[in-house]
Amino acid sequence: MAYTIATDNCTGCSACEPECPNAAISETPDGLFQIDPDLCTECLGFFDEAQCAAVCPIEETCIKDPEWVETGQELLDKKRRIHGE
Ligand code: SF4
Ligand code: SF4
């Protein structure tokens, strides 16, 4: 399941962006941040917890996207595709 950013809560502080091992987080034209679900692996294979959610100072802002249901294997396959491993 990919993470998403609740833009109603995001302050645009940018703390999450450099923490993503997949460069899935980018700034939007209005100065907030977004996650590309094709690149988000829930940090699987790199960290035990989602780094964006861990560093975000606002609760319930980096959250799992129920629209993107994926198994652990699918997330690991995505990681391999991104990193060429
Ligand atoms: S959960 Fe991990 S891989 Fe997904 S956007 Fe957040 S930091 Fe990036
Ligand atoms: S760390 Fe949280 S508040 Fe800051 S830009 Fe990322 S999602 Fe928005």
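Predicted model: local features only at pLDDT ≥ 70, side-chain atom pairs only at ≥ 80, totals over all residues.
Local features are given only where pLDDT is at least 70 and side-chain atom pairs count only at pLDDT 80 or more, while totals for chains, interfaces and linings use all residues. Residues are numbered from 1 along each chain as its sequence is written, and chains are lettered from A and ligands numbered from 1 in the order in which they are written.

**Overall fold**

The protein has two helices and four strands. Helices (H or I, at least four residues) and strands (E, at least two) are DSSP runs, numbered from the N terminus. Read from the N terminus, the order of the elements is β-β-β-α-β-α. The radius of gyration is 12 Å, close to the 12 Å that the globule rule gives for 85 residues, so the protein is as compact as a globular protein of that length. This radius is taken over C-alpha atoms, and the globule rule is 2.2 Å times the number of residues to the power 0.38. Along the principal axes, the C-alpha atoms fill a box of roughly 35 × 25 × 25 Å.

Two residues are in contact if their C-beta atoms, placed from the backbone, lie within 7 Å. Among contacts with a separation of 6 or more, 67% join residues 24 or more positions apart.

**Core**

A residue is buried if 20 or more other C-beta atoms lie within 10 Å of its own, exposed if 12 or fewer, and partly exposed in between, with C-beta atoms placed from the backbone. By this count, 24% of the 85 residues are buried. In soluble globular proteins, nonpolar side chains tend to be buried together. A nonpolar core is a set of buried Ala, Val, Leu, Ile, Met, Phe, Trp, Tyr and Cys residues joined through C-beta atoms within 7 Å. The largest one here has 15 residues, and Tyr3, Cys16, Ile25, Ile35, Cys52 and Cys62 have the most contacts inside it. Strand E1 (3-5) and strand E3 (33-35) are the elements that give two or more residues to this core. Not counting residues up to four places away in sequence, Cys52 touches Tyr3, Cys16, Glu19, Cys20, Ile25 and Cys62.

**Ligands**

A residue is near a ligand if its C-beta atom, placed from the backbone, lies within 6 Å of it. Ligand 1 has 15 residues around it, and Cys20, Cys40, Cys43, Ala50 and Cys52 come nearest. This shell divides into 10 nonpolar, three polar and two charged residues. Ala, Val, Leu, Ile, Met, Phe, Trp, Tyr, Cys and Pro count as nonpolar, Asp, Glu, Lys and Arg as charged, and the others, Gly among them, as polar. Around ligand 2 there are 14 residues, of which Cys10, Cys13, Ala15, Cys16 and Cys56 come nearest. The shell of ligand 2 has 10 nonpolar, four polar and no charged residues.

**Single residues**

Glu42 is in the loop between E3 and H1. With 22 C-beta neighbours inside 10 Å, Glu42 counts as buried. Its phi is positive, about 60°, although Glu42 is not a glycine. Cys43 lies in the loop between E3 and H1 and is buried, with 22 other C-beta atoms within 10 Å. Cys43 is not a glycine either, but has a positive phi of about 70°.

Phe46 is in the loop between E3 and helix H1 (51-55); with 13 other C-beta atoms within 10 Å, it is partly exposed. Glu59, in the loop between H1 and strand E4 (62-64), is exposed, with 9 other C-beta atoms within 10 Å.

Met1 lies in the segment before E1 and is partly exposed, with 18 other C-beta atoms within 10 Å. Leaving aside neighbours within four places in sequence, Met1 is in contact with Glu42, Lys64, Asp65, Trp68, Val69 and Glu70.

Helix H2 (residues 72-83) holds Leu75, which is partly exposed, with 17 other C-beta atoms within 10 Å. Beyond four places in sequence, Leu75 touches Thr41, Glu42, Leu44 and Glu70.

| Pair | Apart in sequence | C-alpha to C-alpha distance |
|---|---|---|
| Met1 and Asp65 | 64 residues | 6.4 Å |
| Phe46 and Pro21 | 25 residues | 7.3 Å |
| Glu59 and Cys10 | 49 residues | 9.6 Å |
| Leu75 and Ser14 | 61 residues | 24 Å |
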